[in-house]
Structures are given as C-alpha cells and as structure tokens.
Amino acid sequence: MISFKNVSSKFDSGAGIEYATFDVGPGEFVCIIGPTGAGKTTLLRLIHMDILPDGGTVTVDKFSSDKIKRRKIPMLRRKVGMVFQEFELLNDRTVFDNVAIPLHVQGVGMKVVKEEVENSLDRLGISDRRDHLPSQLSGGEQQIVSLARALVKDPLVILADEPTGNLDPGASLRVIELLEEINREGTAILMATHNYSLVKDRGHRFMQIVDGEVRG
C-alpha cells in the first residue's frame, strides 16, 4: 500500500531521510521512532505528498511521487488521514463542523456529511461533544476530535505525527487505544513518536530513524 524506494529528502539544516527503502502493507500499525528532528515528520509528509522526494520514489496506493500531477494530490489525500500534535482545529467551529471539513472539501452532500460525521464521533465516543467549541474541550478531547476528522474520510491509512506530544499520560493512553481500535477495523496507522516507552510493549512494528537512515 505504501512503498519507499531509495527515497531521500534533506533540508539545509541536515535533517531528513536518505535512501530509505521499505513497504507498509494494508492494515499495519507502524511506530516511527526517533528523537525530535530525526526526520519522522519528513517521512509522513512524503506519504501525504506535502513534499516530494529529492530522489527515489514514494508510492501510496496507485499514486507515485515521480508521476503524480499537482491536481491529483487532493485525490491521494482522500485516502490519507492526518493527525497532528497541535490538533489543528478551527477555534470558531464546533466539534461537528471541524470533523465535517474533509467531507465539505470533497463536495459531499449535507445528508451524507451528517451521517458520516455522527458515525465518526460515535465510534470515538465523543458524540456528546458535537456542539462544543475546541476551547471547551480538554487537550485529550481535542486530539480525539482531530482523530475523528481524520477517520471521517474512511482512509486507507492515518498518519499520526506525535499525537500524544501535548497530552498527559492518561489522555495519551486513550489516544493510543483509539488508534489501535481503528487499526483493528482495518485502517493502517503510521504513528511518529519520540516516546518509545509509550508504545514499546504494544506489539506493533517499529521503524527507527537514525542519522537519516530508516531502519526496520
């Protein structure tokens, strides 16, 4: 489903990845570990095609970085959900409206939007927060809303970039458990984290980034 072939992407600071080759199959749960600045976010951005590689090829489903046209990238992103450390919620929109944004972007009709958003909120146990603003939620609740927004597209994969970085231990565990639940239902998860102790005993595949080299 996701394939990196000899992929390099470096920045002037020296951060990034070099000559990475690996595959991620449908429904896998992969933890990408490494210290801050190691290149974890770069790897996820390459999958989302926010950036294209300096060398090599990234393939996601039927989309390839060496062939994709800019106008086709939104089609790729319909298959890829993103969850960020900073939540990235719109503060003047309710929970319902924040989760609905990806569907509006796709031009989905309001009846389907209502059904899909309510289903996503229900799956993650936050239906009772549907009319709240982000400022009325805890950090953990905001991250679950961010996760619901990624899930509402029914993606092939969710990319989670340090999703527990701003959360206390209890909220962090809840987010990990929800990601695992989503994964059991068939969605692949790639989660970048510098907190190895949080995920080390949970039975997932690990990839480590060391000096630009992706191992595992």
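Q: Where does threonine 164 sit?
A: Threonine 164 lies in the loop between strand 7 and helix 6 (169-184), where helices (H or I, at least four residues) and strands (E, at least two) are DSSP runs numbered from the N terminus. This is a predicted model, in which local features need pLDDT of at least 70 and side-chain atom pairs count only at pLDDT 80 or more, while totals for chains, interfaces and linings use all residues. Residues are numbered from 1 along each chain as its sequence is written, and side-chain values use heavy atoms, with hydrogens and water left out.

Q: Is threonine 164 buried or exposed?
A: Threonine 164 counts as buried because its relative accessibility is 8%; buried means under 20% relative accessible area, exposed over 50%, and partly exposed in between, with a 1.4 Å probe and protein chains only.

Q: And what does threonine 164 touch?
A: Leaving out residues up to four places away in sequence, threonine 164 touches Ser172, Val175, Ile176 and Leu198, a contact being heavy atoms within 4.5 Å.

Q: Switching to the sheet, what is the strand order?
A: The order is 6-7-8-3-9-10 in an open sheet of six strands with mixed pairing, where two strands pair if DSSP finds at least two bridges between them. Strand 6 and strand 10 (213-215) are the edge strands, each pairing on one side only.

Q: How many bridges join strand 6 to strand 7?
A: Five bridges join strand 6 to strand 7 (residues 157-161), and the two run parallel; within that pairing, methionine 82 stands opposite leucine 159.

Q: Why is strand 6 largely enclosed by the rest of the structure?
A: Four of the five residues of strand 6 (residues 80-84) are buried, so the strand is largely enclosed by the rest of the structure.

Q: What about the other end, how do strand 9 and strand 10 run?
A: Strand 9 (residues 205-210) and strand 10 run antiparallel and are joined by three bridges, and isoleucine 209 has valine 214 in strand 10 as its bridge partner.

Q: Which residues touch the most other members of the largest nonpolar core?
A: In that core of 36 residues, they are Val99, Val117, Leu124, Leu147, Ile158, Leu179 and Met191; such a core is a set of buried Ala, Val, Leu, Ile, Met, Phe, Trp, Tyr and Cys residues joined through side-chain atoms within 4.5 Å. A second, separate core of 32 residues includes Ile17, Val24, Ala188 and Ile209.
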